[in-house]
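Look at the ligand site first, then at the backbone.

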Amino acid sequence: MFTPLAGKTVIVTGASKGIGRGIALRFGQAGLNVLVVSRTLAEAEKVAAEIGPHASGFAADVTRVEDCDAMAATAVARYGSIDVLCANAGIFPAARLGEMTEADFDHVIGTNLKGTFLSVSAVLPQMKAQKQGRIVLTSSITGPITGFPGWSHYGASKAGQLGFMRTAAIELAPWNITVNAVMPGNIHTEGMDGMGEAYIASTAACVPMKKLGSVFDIANAALFFASEEAGYITGQGLSIDGGQILPESPMALEEMGTA
Ligand code: NAP
């Protein structure tokens, strides 16, 4: 039995769709006040309306320090605290080396890695004043564990989040602030629907569990890291991938007759 989190406040960045929306809905179900953040206010407000009166939308670009500071100030003004930050906003455009421009690289690192730094920095004054906080980053298996053509910049940003996390966890421990990361495998988001059924089936075939993850698989892990009971866990990344990283070669799946 976990201690209820109802009445606490979470900020979820990149929450207008995909994994962030799933996290926002799940935390909303658990009774937390939810600040639903994306660059598009109307989309953020739609998700907030799905959650109910204890949620609201806010427009912020995580690459901009002023936006991140305003996001934290708004959470405090509306709800009185910031108990949890889910730093989830991220982008994943593909470009192979030789074609990738400096601007492509800066855009991905700026959003995924610098955006993490700015979002975390913005909530720290409040969390330190409260002498408690939970920070959950959305990293990936891509970068920390695996690679995929076109995603060298993306993989660097996702591995970079884990490097950031480990030192942040040490620095913030004296304030009872934990910093952990969820590392999704292939998750079925609205974006994935656009890739078509054949793509989804071939992606699922590479996973021992033979299915993609749902946004709530990630959200449930984020909710665990936010729980009272996870208070002694910090600086850890958790793969949530149906076993995708486990086969040491395609033969492992062939052996199971499921390749
Ligand atoms: P998604 O469906 O494309 O949603 C991305 C969200 O981030 C949207 O709400 C978007 O809203 C917001 N966003 C993008 N840039 C932003 C910025 N600069 N400032 C604020 N918000 C911004 O993405 P997703 O697939 O759910 O991915 C979410 C996170 O999970 C990312 O960090 C990604 O790397 C990670 N991940 C995803 C998968 C997967 O299978 N989907 C796997 C591993 C890791 P606006 O455009 O309105 O700002």
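Q: How far is an oxygen atom of the ligand from a polar backbone atom of Gly185?
A: This is a predicted model, where local features need pLDDT of at least 70, side-chain atom pairs count only at pLDDT 80 or more, and totals for chains, interfaces and linings use all residues. Residues are numbered from 1 along each chain as its sequence is written, and side-chain values use heavy atoms, with hydrogens and water left out. A polar contact is a pair of N or O atoms within 3.5 Å; within protein, one must be able to donate a hydrogen and the other to accept it, and residues adjacent in sequence count only if both atoms are side-chain atoms. For the backbone of Gly185 and a ligand oxygen, the distance is 3.4 Å.

Q: What share of the ligand's exposed area does the protein bury?
A: Accessible areas come from the Shrake-Rupley method with a 1.4 Å probe; for residues, only the protein chains shown count as cover. Alone, the ligand exposes 900 Å². The protein buries 91% of that.

Q: Which side-chain distance to a ligand oxygen does Lys158 show?
A: Thr40 also has a side-chain N or O atom facing a ligand oxygen, at 2.6 Å. For the polar side-chain atom of Lys158, the value is 2.9 Å.

Q: How many residues surround the ligand?
A: A residue is near a molecule if one of its heavy atoms lies within 4 Å of it. The closest are Ser16, Ile19, Arg39, Thr40 and Tyr154.

Q: Is Ser38 buried or exposed?
A: Ser38 belongs to strand S2, residues 33–38. A polar atom of its side chain lies 3.1 Å from the backbone nitrogen of Thr40. Buried means under 20% relative accessible area, exposed over 50%, partly exposed in between (1.4 Å probe, protein chains only). At 8%, Ser38 is therefore buried.

Q: What is the relative accessibility of Lys131?
A: Lys131 sits in the loop between helix H4 (102–130) and strand S5 (133–138). Its phi is positive, about 55°, although Lys131 is not a glycine. Lys131 counts as exposed, because its relative accessibility is 57%.

Definitions and conventions. Helices (H or I, at least four residues) and strands (E, at least two) are DSSP runs, numbered from the N terminus.
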